[in-house]
Amino acid sequence: MPTAIAVTSADLVLPAPDRHTPGAALLHPPEQHDLEAALAATSALLERHGHVVALVPPWLPRPTVQRLHTVRAILETDRIALLDIDLPPLGTALLARQLRQLSVCDFSPGVIASAARLLSHYIFAGALLGSVAKLDRVRVPVGLGAHARSWSPSAQFAVLAHPTPHLARLGSAGGGRGGRGGSHASHAGSHGSHAGSHGAAADLPAGPDFATHLTFARGQLTSDWVAAELAPAWQVQGVLENPLPAASPAWWGTPKLVEFAAGIPDLSVLYQLVASVRREQCRWCGLELIGDRCGFCAAPLTAPPPSEAAATSTGRSRP
């Protein structure tokens, strides 16, 4: 059986892109399952799949995070990876689906777990917002002018939270078009000139310069801008609508939103991306990894400096 990819909410499970992609395992929060039930369910997952890779975004409620660490500690297992991935809710769901796709490939559990950080760099996650008055300044810088314009009933803002924070107010007709970034900058001019017929042009976030599909989810904002304007501007190869994750309104600071996330859909491309990275062996738990940190035990690839290692050798507990 492939490595289990786990999430903490059913609304973070996007539809499988093909019949080969397995579903996600659901690790229920404390208010839904008591500790005994959580231990039994996780033990069954380990028995069936061997290893579990769970996404633990920072916006999860603290009791849910504590439950995950408690279960792993009680089971005394090194076969559960709790991955700290800082993406918005829909971006997290998209990453989970990509890991589900990779789980059927010939990668070891350690490579799949450490691949999450690599793949997250290729996810473009944002939202169309009716207000940025409560948008966390740490996630996306919001100027005083944007805060003031948020009080307008017709205000709409295009916000990109990842990989590079960006905020732009849309024109009165709800759209301006932006082009791809990088080597595709020339597309921006053609799309920008076309934006004049759709209202005032906006400094929209540059999109990916590689092939993507775009998933979006509607909150309490009535707008077709994401599918009608952003998707063509970013030249995505496909568009999918999905129900809005329950955590999205709190993350974006408003229920008046349309969240979106674009990522690589093709399993062969995901496979080549991961396979092209040199594999190492974790010096702590012995699993394979890519990048600079093990996904299962969180140990860095290289040892800390001698002075730091000496200071922590007696007090370090296994992650």
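**Ground rules.** I am working with a predicted model, where local features need pLDDT of at least 70, side-chain atom pairs count only at pLDDT 80 or more, and totals for chains, interfaces and linings use all residues. Residues are numbered from 1 along each chain as its sequence is written, and side-chain values use heavy atoms, with hydrogens and water left out.

**Cysteines.** I started with disulfides, taken as pairs of cysteine sulfur atoms within 2.5 Å. My count came to 0 disulfides. I then looked at cysteine 297, which is in no disulfide: the nearest cysteine sulfur belongs to cysteine 282 and lies 3.5 Å away. Is cysteine 297 buried or exposed? I noted a relative accessible area of 3%, so cysteine 297 is buried (buried means under 20% relative accessible area, exposed over 50%, partly exposed in between, with a 1.4 Å probe and protein chains only). Cysteine 105 is buried too, at 18%.

**Helices H3 and H9.** For naming, helices (H or I, at least four residues) and strands (E, at least two) are DSSP runs, numbered from the N terminus. I checked H3 (residues 89-102) against H9 (residues 267-275): their axes come within 10 Å and cross at roughly 85 degrees. The axes are lines fitted to C-alpha atoms, for helices over the stretch in contact, and angles run from 0 to 180 degrees between N-to-C directions. H3 and H9 are therefore roughly perpendicular to each other, a label for angles of 65 to 115 degrees. Which residues of H3 meet H9? I found Gln98, Gln101 and Leu102 from H3 against Leu267, Leu270, Tyr271 and Val274 from H9, with contact meaning heavy atoms within 4.5 Å.

**A cis peptide.** I came across a cis peptide bond between histidine 162 and proline 163, with omega about 10 degrees. Proline 163 sits in the loop between strand E6 (157-162) and strand E7 (166-169).

**Positive phi values.** Glutamate 76 is not a glycine, yet I read a positive phi of about 50 degrees for it. Glutamate 76 belongs to the loop between helix H2 (62-75) and strand E4 (80-83), and at 72% relative accessibility it counts as exposed. Alanine 298, also not a glycine, has a positive phi of about 65 degrees. I placed alanine 298 in the loop between strand E12 (288-290) and helix H10 (306-312). At 33% relative accessibility, alanine 298 counts as partly exposed.

Conventions:
Angles under 35 degrees count as roughly parallel, over 145 as roughly antiparallel, 65 to 115 as roughly perpendicular and the rest as oblique.
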